[in-house]
Amino acid sequence: MITKDMTIMEVLQTNRNTAGVFASYNMGCIGCLAAHGETVEQAATHHGIDVDEMIEKLNEVCKG
């Protein structure tokens, strides 16, 4: 299960398909150096994105 306190890299390592969710929000997380230390919540806040909505989409991708 993806949580908002996970780093972006942890999320990407959990399921490679999560990269598509980040891309859908115009977030270049895969190539970003901050992905190793920035949490999903921090990144979402930085980009003006609803973190709960993003977490829901990330978990949907992981389920199926």
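Guide: Let us begin with the naming of elements: helices are DSSP runs of H or I with at least four residues, numbered from the N terminus. The model is a predicted one. With that naming, N15 lies in the loop between α1 and α2.

Visitor: Is N15 buried or exposed?

Guide: Buried means under 20% relative accessible area. N15, at 16% relative accessibility, therefore counts as buried. Its side chain reaches the backbone nitrogen of N17 at 2.8 Å. Apart from neighbours within four places in sequence, N15 is in contact with V61 and C62.

Visitor: Which residues of α4 are buried?

Guide: The general idea is that an α-helix has 3.6 residues a turn, so residues three or four places apart point the same way. In α4 the buried residues are V51, M54, I55, L58 and N59. These residues lie on the same side of α4, because they cover an arc of only 130 degrees around the axis. They pack against α1, α2 and α3. The face turned away from the buried side carries the exposed residues D52, E56 and K63.

Visitor: What span does α4 have, and what caps its N-terminal end?

Guide: With 13 residues, α4 reaches 18 Å from its first C-alpha to its last, close to the 18 Å expected at 1.5 Å a residue. The cap at the N-terminal end of α4 is D50, a side-chain oxygen of which lies 2.9 Å from the backbone nitrogen of D52.

Visitor: How many salt bridges are there?

Guide: The cut-off to bear in mind is 4 Å, from a side-chain nitrogen of Lys or Arg to a carboxyl oxygen of Asp or Glu. By this rule there are two salt bridges. In one of them K4 pairs with E41, the closest N and O atoms being 3.9 Å apart. This pair links distant parts of the chain, with K4 in the segment before α1 and E41 in helix α3, 37 residues apart. K4 is partly exposed, with a relative accessible area of 36%, and E41 is partly exposed at 35%.

Visitor: Which residue has a positive phi although it is not a glycine?

Guide: Most residues other than glycine have a negative phi. Here N26 has a positive phi of about 60 degrees. N26 is placed in the loop between α2 and α3, and is exposed, with a relative accessible area of 71%.

Visitor: Is A35 buried or exposed?

Guide: A35 is found in the loop between α2 and α3. At 1% relative accessibility, A35 counts as buried. Beyond its neighbours within four places in sequence, A35 is in contact with T7, I8, M9 and C29.

Methods:
Residues are numbered from 1 along each chain as its sequence is written. This is a predicted model: local features need pLDDT of at least 70, side-chain atom pairs count only at pLDDT 80 or more; totals for chains, interfaces and linings use all residues. Side-chain values use heavy atoms; hydrogens and water are left out. Helices (H or I, at least four residues) and strands (E, at least two) are DSSP runs, numbered from the N terminus. Buried means under 20% relative accessible area, exposed over 50%, partly exposed in between (1.4 Å probe, protein chains only). A polar contact is a pair of N or O atoms within 3.5 Å; within protein, one must be able to donate a hydrogen and the other to accept it, and residues adjacent in sequence count only if both atoms are side-chain atoms. Contact means heavy atoms within 4.5 Å. The expected span of a helix is 1.5 Å times one less than its number of residues. The arc is that of the directions from the helix axis to the C-beta atoms.
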